[in-house]
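Look at the model below.

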Amino acid sequence: QTFMYWYGPASDAALMTAADGSIDEKEQIALEQIANHLNLDEGIIDRLLDWVMAGFDWMQDGLDLLNVE
């Protein structure tokens, strides 16, 4: 429960900012501010964004297997 309490808002924000397939500078700054506010480890945003992009790749792989565009 501790993980979701602290990381949940940051991971949700990372998912939302990357929804269009990219993260611009303003979004990156906002994510870092959220992480700072939650006293999260330095570098967590980069790791969360890596996780988000890996998830997008995983979903696309499934669509590719089904020949869905």
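Thr 17 counts as buried, because its relative accessibility is 13% and buried means under 20% relative accessible area, exposed over 50%, partly exposed in between (1.4 Å probe, protein chains only). Thr 17 sits in helix H1. Helices here are DSSP runs of H or I with at least four residues, numbered from the N terminus. The side chain of Thr 17 reaches the backbone oxygen of Ala 14 at 3.1 Å. Leaving out residues up to four places away in sequence, Thr 17 touches Ser 22, Ile 23, Glu 27, Leu 31 and Leu 49. Touching means heavy atoms within 4.5 Å.

This is a predicted model: local features need pLDDT of at least 70, side-chain atom pairs count only at pLDDT 80 or more, and totals for chains, interfaces and linings use all residues. Residues are numbered from 1 along each chain as its sequence is written, and side-chain values use heavy atoms, without hydrogens and water.

Next, the core. A nonpolar core is a set of buried Ala, Val, Leu, Ile, Met, Phe, Trp, Tyr and Cys residues joined through side-chain atoms within 4.5 Å. The largest one has 13 residues, and Leu 40, Ile 44, Ile 45 and Leu 48 touch the most other members.

H3 gives the most, with five residues. In soluble globular proteins, nonpolar side chains tend to be buried together.

Now the surface. Leu 66 lies in the segment after H3. Leu 66 is exposed, because its relative accessible area is 63%.

Key
Helix = DSSP H or I, 4+ residues; strand = E, 2+ residues; numbered from the N terminus. Polar contact = N/O pair within 3.5 Å; in protein donor to acceptor, adjacent residues only side chain to side chain.
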